[in-house]
Amino acid sequence: MSTHGTTPLIIDCDPGLDDAIALMVALNSSRFAVLGITAVAGNVPLRLTEYNARRLRTLLGRADVPVYAGCPRPLLQTLVTAEEIHGATGLDGAELPEPDGEAASRHAVSFLVDTLSTAPEPVTLACTAPLTNLAVALIQRPEIAAGIREVVIMGGGINRGNITPVAEFNFYADPHAARVVFESGLPITLVPLDVTHQVLVTEDVIARIRAIGNPVSHAAADLLSYYGSTRRPALAGAPLHDPCVIAYLLQRDLFGGFPADVRIETESALTIGQSVVNRRRLPDDRPAVTVLDMVDPVGVFELILAHLGPAGT
Ligand code: BDR
Ligand code: CA
């Protein structure tokens, strides 16, 4: 399915306002061969994340990209959602088209297992949601690791959180899945809150996106206006988490990071979902995680703007 010079990519997501911008950039880029979008319960229930992925695919004119519905709940925890950030639909703020096609009949986990077992070249995974789908696929068939080039994950923080003082939403929502993924030995790059809280959406950015003047940029501006309206007042703008994963895959020199041992807390009621980042002692039984902590936010926004225009690159 991949074509020459492109990166075969699967996007595992829970759209979600910031997931939506990530999908817009990825689906508008000729650098990716997007093999599929897998949806999971997260920001809103699975019924809506899967539906939202199809609405976005339709908006972007990418009916060729299949959408797979995945796990409707975390491995062990009760589902937590984030309507207070993303609205009741998960994509409040914009008028989006009705989907022009159904979801694929295969379960997202089966799609991951089948695709990663048979891919002619290793596939990159962009994960912007609770990690339930990937964890279940790895539990079912650990050998799929051989079909994965790298996993870039938005989640966690370098000893900081957003939903609790120490836990970030995606890892808090399914800490056991995150632990399975981080203990898998896969080559992981982590895009934590420390990066995404430097990439703040301002009114100026929204105005520039709107001024591009096409249906995708209008929808992006409307979604980001809503996203800005639900942010914590203490922040100068809304942190644009998930698009940083796609920006990293498109232009790595916008980011900097360090190798670390990353473990996910699953036991303590007080700190469940915390990503404990240890840069002083690296793991000896698996590869270190690349933890990003530096970003050029201006460069990230220029990249996003370039991919919402008429000819994304
Ligand atoms: C993450 O949580 C979700 O609400 C966002 O879509 C992002 O993936 C940020 O903590
Ligand atoms: Ca997300």
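How many nonpolar, polar and charged residues does the lining of the largest pocket have? The views below show a predicted model in which local features need pLDDT of at least 70 and side-chain atom pairs count only at pLDDT 80 or more, while totals for chains, interfaces and linings use all residues. Residues are numbered from 1 along each chain as its sequence is written, and side-chain values use heavy atoms, leaving out hydrogens and water.

**View 1. Lining of the largest pocket.** The lining has 9 nonpolar, 9 polar and 8 charged residues; here Asp, Glu, Lys and Arg count as charged, Ala, Val, Leu, Ile, Met, Phe, Trp, Tyr, Cys and Pro as nonpolar, and the others, Gly among them, as polar. Helix α3 gives the most to this lining, with 3 residues.

**View 2. The largest nonpolar core.** A nonpolar core is a set of buried Ala, Val, Leu, Ile, Met, Phe, Trp, Tyr and Cys residues joined through side-chain atoms within 4.5 Å, where buried means under 20% relative accessible area (1.4 Å probe, protein chains only). The largest such core has 61 residues, and Met24, Ile37 and Phe255 have the most contacts inside it. Helix α1 (residues 17-27) supplies its largest share, 9 residues.

**View 3. Surroundings of Phe255.** Leaving aside residues up to four places away in sequence, Phe255 touches Val195, Cys244, Ala247, Tyr248, Leu292, Met294, Val295 and Val300, contact meaning heavy atoms within 4.5 Å.

View 4. With a disulfide taken as a pair of cysteine sulfur atoms within 2.5 Å, the count comes to 0. The sulfur of Cys244 lies 15 Å from the closest cysteine sulfur, in Cys127, too far for a bond. Cys244 is buried, at 0% relative accessibility, and Cys127 is buried at 1%.

Key: Chains are lettered from A and ligands numbered from 1 in the order in which they are written. Buried means under 20% relative accessible area, exposed over 50%, partly exposed in between (1.4 Å probe, protein chains only). Helices (H or I, at least four residues) and strands (E, at least two) are DSSP runs, numbered from the N terminus.
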